[in-house]
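Dear colleague,

Please find below the structure that I am handing over to you.

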Amino acid sequence: MNRRLLFRMFRVLMFAALVLGMASGCDSLPGRPDPADRYQRPDEVTDFTTLFATNCSGCHGAEGRRGPATPLGDPHYAALAQPAYLERIIGDGVGGTPMPPFAQARGGNLTEEQVSVLAQGIRAWGADVAGSTPTPPPLVAASPDQNPGSPARGEVAYAAFCADCHGPGGAGGEKAGSLVDPAYLGLVSDQALRTAVIVGREDLGMPGWQADQGRGISAGEISDVVAWLGSQRPSSAQGRPSGDGR
Amino acid sequence: MEEHEHEALPPAVPPVSRRDFLFRLGLVLNTVAAAFVGIPVLGYIASSMFKGKAQQAWVALGNLDSFPTGQTRLASYRNPFTTPWDGATADVPCWVRRKPDGDFQVFAINCTHLGCPVRWFPQSGLFMCPCHGGVYYEDGSRASGPPPRGLYQYEFRVRGGHLEVRGGETPNLSEAV
Amino acid sequence: MNRLRALGKWFDDRLALGRLYDHTLGHRIPLSSASAWYVFGSATLLCLIIQLVTGICLALVYVPAPDQAYASIEYLDYVQPLGWYLRALHYWGSNFMVALVTIHLIQVFLFGAYKYPRELTWMVGSGLFLATLGMAFTGQTIRFDQDAYWGVEIIVSILGRLPLVGEYATHLLQGGPIVGSETLSRFFALHVFVIPGLLIGLLVVHIRLVLVLGISEYPEAGKPLDKETYAEDYEATVARSGIRLMPEGGGKDLVFSALILTAIILCAAFIGPKIPNGPADPSLIHTVPRPDFYFLSLFAAFALMPPYLEGFVIVYLMPLAVVLLFAVPFLSRGAERHPSRRPGAVVLVVLVGVSLVTLAYEGVLSPWSPEMDAWSGQPVQPQFVEGRSPLEHVGATLLQAKQCRNCHALDGKGGKRGPDLAGVAMRLTPDQLVRQVLQGGGNMPAYGKHLAPHEVSALVAFLETLHPANAAPARNSAQPSGGVAGQPDKP
């Protein structure tokens, strides 16, 4: 009799412990929602990785590499591009090219803060090579209006630095396609051409300004090549690509 | 049981006992009372059915400057009839297109198929719907997908440098604004 | 012990519990109906009880006003002790309840248990089924997140298609011309007062009918039902070999209910509640509204049916389906109950079941919807970038920037509305590509106004590269030399 009573008390205690355990332990179960997964308004997202993945990776590639558009994730590009410059391009886009404006003020989806987060984040990709020697030419020409490159000199520089891959006269070669296709020139800005010459597409096999040609292409020659390519842009290009990066 | 006692009465008047009378009186009184409760209840519930047109009013959408020519922008108007606890639901979004000639078109956000929010993509000049894939051109006309017609358009006017729409109604096929 | 028994007798003298037991849980049922198949009704009842208990608890915190509803749900999830767990129980309880009531309905249909004399039981049960779906919909609505808000807009749009009464019906449901505070209050009242009241009322009638008419025997093939002798036979069977519903017949119900309860608890504890997907703010248009799973098939049906059918479906077919559901006992008049003798019924269940599951599956994938962020967030894969010319790179960029990817996948990544573009060069010649892009057609919008000539050239140049290395692109058969009009030959 006594043992049965004890046994029954034991059962009651076990049951009570189970109930208490369930009530208190529940709050640490895997089903408990994690505040980190909480919905975030799209205009309040300030995580660079998320912002870049949803807004930029489509054209510029995952992590800014191996996409069809400018390789933002190339450390040499990231180190050269000033935040203010990036913010302007992201916010306002580049007229006449596929780069659309992302700032809300221009009809895009991103707040000023988000644009700034993107610019800082891209910039951070270049931290490792920033300040390395030799100093690369400035990404944005100092004052292209006062010192426009010379198309004639550009043709010479082209033959020296570019023709091996892009073919004589820019018509395309074995290793790389045409640069003088009117449709291409009609959709690419002078700044994008300049960026391509300086930074290259190392992710796709195109060297940057310091190509293994003995000496790198000089700042003046870059302006000249860009001027020469620009001079072949068809006049019919509706709304000449305006993104000179200024 | 008492029918024999009432044989003398004319047959047109049925024999009525006091209990019968009370029962019938009770029924009548309760029916009247039920009507006094029931009709207001029905009216209370049904009143929402007739709120529509009378509530529509001209409401401001925004400064003309906030709608650049040749672009389509998201704007929202305050529902002319709101309660203090309406929260965000009182701000009704719509797409404002300022045509290159400066004229306006104000589209409801709701897809004409089943009311989901269409999103504007300026680069391709299309409105796309996330629910069933309706697509519209920049002028609101139907481009593809299941929608039965183009986007609903609000009436609008320009007053004192402000764009105003006649709002207060979620459009659907039976009341296309 | 004696004192306890005396207390029991004291209550029994006053409440006549013994007699109540004899007529309810203790009433005799045919031995054959104590089958493992007959457990779904009682399990649905268990879910209802869970829903009532957890629902009342949630109502202690939830605020049915648009400015605070979402905040109060988040409060339940993150602040209120065990609030998330009760939300999870309520959510999973509703999922199981919808599933179980559906299985119960199918089982009763397959077993022909709705036949004489249980026609009314079926009809009341159909009412319970619809009421359960009504609870599910109103429940997902008062979560008042983005899915809820746009779900209401979808229902309103469906009602708006009704001829003549459309406007009044939408206003009645919304409590005015716009979804707002009155709409939420309305759905709240429906969810916590009107439909539960209806549900409990119908349930009382349903159980009353089960008690009066008895549980149907397990169907036997080749033993047709005879209305003349049915009642006598049934009573004779019960008198001969009947057992009491409780405790003899109800063991399987108790075990199955316990299993269901365990499943609900495990789902709640390990998967948790449905996290609301953002406040019901209509200006947050970056949303992709989807209903909870029970309405995914309906959602998919509206995407897949030809547009000219929609009006017909809404005005005639959906009400007709409800009428048919209620009329089942009067349409199916055969005397056989066993499914092996009713192939039509089995085929019908399989057809409806397969259709609904297929539609729900399609609803999850939603291939008809553009993937709204694919254009900026779905990278062009490196294999489509490498070895391309500068012009082709610009073309690939345009493919993204003009939102083509929202509808077209590249090697499986991107929207599924249009055809996958990997390999498109093998299907269309450059001329055909130009025409398709400019003029659209076949459910594709025309891009003519939004693509400059250079852009078309660049885009088509890129599309031309989309073919496997070992397969030649499509050519114009009128120019067998391989040259393509307006395009220089490429190496």
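Two residues are taken to be in contact if their C-beta atoms, placed from the backbone, lie within 7 Å. On that basis, the contact between the chains draws 50 residues from chain B and 52 residues from chain C.

The model is a predicted one, in which local features need pLDDT of at least 70 and side-chain atom pairs count only at pLDDT 80 or more, while totals for chains, interfaces and linings use all residues. Residues are numbered from 1 along each chain as its sequence is written, and chains are lettered from A and ligands numbered from 1 in the order in which they are written.

On the side of chain C that touches chain B, the elements giving two or more residues are the helices H7 (146-160), H8 (166-174), H9 (181-213) and H13 (296-304) of chain C. Helices (H or I, at least four residues) and strands (E, at least two) are DSSP runs, numbered from the N terminus. H7(C) gives the most, with seven residues. By class, this side of chain C comprises 27 nonpolar, 16 polar and nine charged residues; Ala, Val, Leu, Ile, Met, Phe, Trp, Tyr, Cys and Pro count as nonpolar, Asp, Glu, Lys and Arg as charged, and the others, Gly among them, as polar.

Within chain C, the axes of helix H3 (residues 40-59) and helix H12 (residues 251-270) come within 9 Å and cross at roughly 45°. Axes are lines fitted to C-alpha atoms, for helices over the stretch in contact, and angles run from 0 to 180 degrees between N-to-C directions. H3(C) and H12(C) are therefore oblique to each other (angles under 35 degrees count as roughly parallel, over 145 as roughly antiparallel, 65 to 115 as roughly perpendicular and the rest as oblique). From H3(C), Ser42(C), Ala43(C), Leu46(C) and Ile50(C) meet Asp253(C), Phe256(C), Ser257(C), Ile260(C), Leu261(C) and Ile264(C) of H12(C). Seven residues of this contact are nonpolar, two are polar and one is charged.

Chain B is divided into domain 1 (3-47) and domain 2 (55-167), with bounds from an automatic or database domain assignment. The centres of these two domains, taken over C-alpha atoms, are separated by 58 Å.

Chain B also holds an open sheet of three strands in the order E1-E10-E9, with antiparallel pairing; two strands pair if DSSP finds at least two bridges between them. E9(B) and strand E10 (residues 162-167) of chain B pair over four bridges, and Leu163(B) in E10(B) is the bridge partner of Val158(B).

Yours sincerely
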